[in-house]
Amino acid sequence: MTPEMLPADDALMVALAAKDLTALATLYDRYGRLAYALAYRILGESEGAEDVVQDAFISAWRGAAGYRRERGNPRGWLLSIVHHRSVDVLRRKTAFRPAPLEVAEQRASDEDTAASAERNVEQQTVRLALQALPEAQRRTIELAYFGGYTHVELAELMGVPLGTVKGRMRIGLQKMRRALEGTRA
Amino acid sequence: MTEHVTDELELYAVGALRPGEADRVTAHLASCPACREQLAEIATVVDALPDMVAMREPPAALKQRILAAAAVDLPAPVKRETTWSFRPGRSWPAVGGLAAAVLLLLAVDLNSLRELKLANQERAEYAGTLDKVSRGGKTWYMAGLDQWRGSGGTLFAPGKPDSTAFVVFHDLQKLQTGAVYAVWLVDADGHWVRGANFRTDGQPVQSVELTVPVDTFSQCAVTLEMSTEGKRAGPLVMQSRIAPPTQ
């Protein structure tokens, strides 16, 4: 997303809060594809991803009046709803167990390869920032965000203390932030 | 104010805290501007993570399902023309805006509305429908297939167990003599149960009540049949996967 789009997104949120269906349609046109891709990436199947995206957009529609700009931009707010709901669904699955690390890694690798043709500059920037991290920090971030693992599950899965998981997450995100700021400056 | 949650903000931002832990952080953030500011800085990175996901095209019907579900939240129109005007021949995508307006009246039996005429009765019925739909209910949109492309229907499964499920169809094609549309519910084992038979009433939007509760079925479908009884034999007009309203 470019900074120039922010006012338009903010205006959409105002219209959404006023129950303007056209605004909801525009919001979907703008972010529906990314929302679906994120849900699919986390859940690994289309039917669950559809349900999550529908629930997320309806939640945004109904909760737009309570949206506060200072807590994040509309895109981040919407995608955080998609992310939270996807992870909730993943964790509710009765058969859900932490997958072996190599399985989760393989799934990420397959999807990234398939997406290479469509990756834009922003995607490249984020990906490079993540790839530049030490493997342990990168895995911690990926497995938490895309795999839905809690820090307790991560500690068990990776065989490290809870404090190590927390430290890897913090340092990894700090490094990514510096890298992204450097690119965008 | 509770103790700062600085050490947990990264885990919170990526959703890696357990539910109870996340609730505690959420509660603290509500009253701590300093932690909120720090979280906002972390969020600039976390919000960028979806950008590295492989783009994937959602099904075309998903947008219409979302808009149909959102439309039930809209307030009832205060004043409405009693005569409908509709220009046949337009495709469904081309009349998306019109459809949204039509969906304001979702689940209202249009024939009954015409007979009633009185605006206050109309509003009361609409409010009752909204109430029926909004209390834990769910909706699923079925898009017309093949030669029925352009038509569709939204299945409403009210949250209350004693309420009747119904489908609001749009742009259905007229049928030849003897044919009926059949609404089916399909369970996880592939058993088809007929939930309703109906013929088009000539209106752009038509509501059909189901005689079977939907909560034990996994799919809803509409077929074209030459009999109001018996097993499914005709072609598939539209279909959607559904889930119990309680999920």
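Guide: Start with a definition. Angles under 35 degrees count as roughly parallel, over 145 as roughly antiparallel, 65 to 115 as roughly perpendicular, and the rest as oblique. The model here is predicted; local features need pLDDT of at least 70, side-chain atom pairs count only at pLDDT 80 or more, and totals for chains, interfaces and linings use all residues. Residues are numbered from 1 along each chain as its sequence is written, chains are lettered from A and ligands numbered from 1 in the order in which they are written, and side-chain values use heavy atoms, with hydrogens and water left out.

Visitor: How do I read the packing of two helices?

Guide: Two packed helices are described by the angle between their axes and the distance between the axes. Axes are lines fitted to C-alpha atoms, for helices over the stretch in contact, and angles run from 0 to 180 degrees between N-to-C directions. Take helix 2 (residues 21–43) of chain A and helix 4 (residues 74–92) of chain A. Their axes come within 9 Å and cross at roughly 30°. Helix 2 and helix 4 of chain A are therefore roughly parallel to each other.

Visitor: Is their crossing left-handed or right-handed?

Guide: A crossing is left-handed if the near helix is turned anticlockwise from the far one by less than a right angle, and right-handed if clockwise. Helix 2 and helix 4 of chain A cross in the right-handed sense. Contact means heavy atoms within 4.5 Å. On helix 2 of chain A, the contacting residues include Leu27(A), Tyr31(A), Leu34(A) and Leu38(A). On helix 4 of chain A, they include Leu78(A), Val82(A), His83(A) and Ser86(A).

Visitor: How do the residues of that contact divide by class?

Guide: Ala, Val, Leu, Ile, Met, Phe, Trp, Tyr, Cys and Pro count as nonpolar, Asp, Glu, Lys and Arg as charged, and the others, Gly among them, as polar. The contact of helix 2 with helix 4 of chain A has 14 nonpolar, two polar and one charged.

Visitor: At what angle do helix 7 and helix 8 of chain A cross?

Guide: The axes of helix 7 (residues 135–145) and helix 8 (residues 151–158) of chain A cross at roughly 135° and come within 10 Å. Helix 7 and helix 8 of chain A are therefore oblique to each other. Their crossing is right-handed. Helix 7 of chain A brings Ala136(A), Arg139(A), Thr140(A), Leu143(A) and Ala144(A) to the contact, and helix 8 of chain A brings Leu154(A), Leu157(A) and Met158(A). By class, this contact has six nonpolar, one polar and one charged residues.

Visitor: How do I read a nonpolar core?

Guide: In soluble globular proteins, nonpolar side chains tend to be buried together. Buried means under 20% relative accessible area, exposed over 50%, partly exposed in between (1.4 Å probe, protein chains only). A nonpolar core is a set of buried Ala, Val, Leu, Ile, Met, Phe, Trp, Tyr and Cys residues joined through side-chain atoms within 4.5 Å. Here the largest core has 83 residues. Leu24(A), Val53(A), Phe57(A) and Met176(A) have the most contacts inside it. Helix 2 of chain A gives the largest share of this core, 16 residues. Another core lies apart from it, with 27 residues, among them Val167(B) and Phe169(B).

Visitor: Which residues is Phe57(A) in contact with, beyond its neighbours within four places in sequence?

Guide: Among them are Leu24(A), Tyr28(A), Leu78(A) and Ile66(B).

Visitor: Where is Leu67(B), and is it buried or exposed?

Guide: Leu67(B) is in helix 4 (residues 61–71) of chain B. Leu67(B) is buried, with a relative accessible area of 13%. Leaving aside neighbours within four places in sequence, Leu67(B) is in contact with Leu21(A), Leu24(A) and Ala25(A).

Visitor: What should I look for in phi?

Guide: Most residues other than glycine have a negative phi. Lys19(A) has a positive phi, near 65°. Lys19(A) lies in the loop between helix 1 (6–17) and helix 2 of chain A, and is partly exposed, with a relative accessible area of 28%. Asp171(B) also has a positive phi, about 55°. Asp171(B) is in the loop between strand 3 (166–170) and strand 4 (180–186) of chain B. Asp171(B) is partly exposed at 21% relative accessible area.

Notes
Helices (H or I, at least four residues) and strands (E, at least two) are DSSP runs, numbered from the N terminus.
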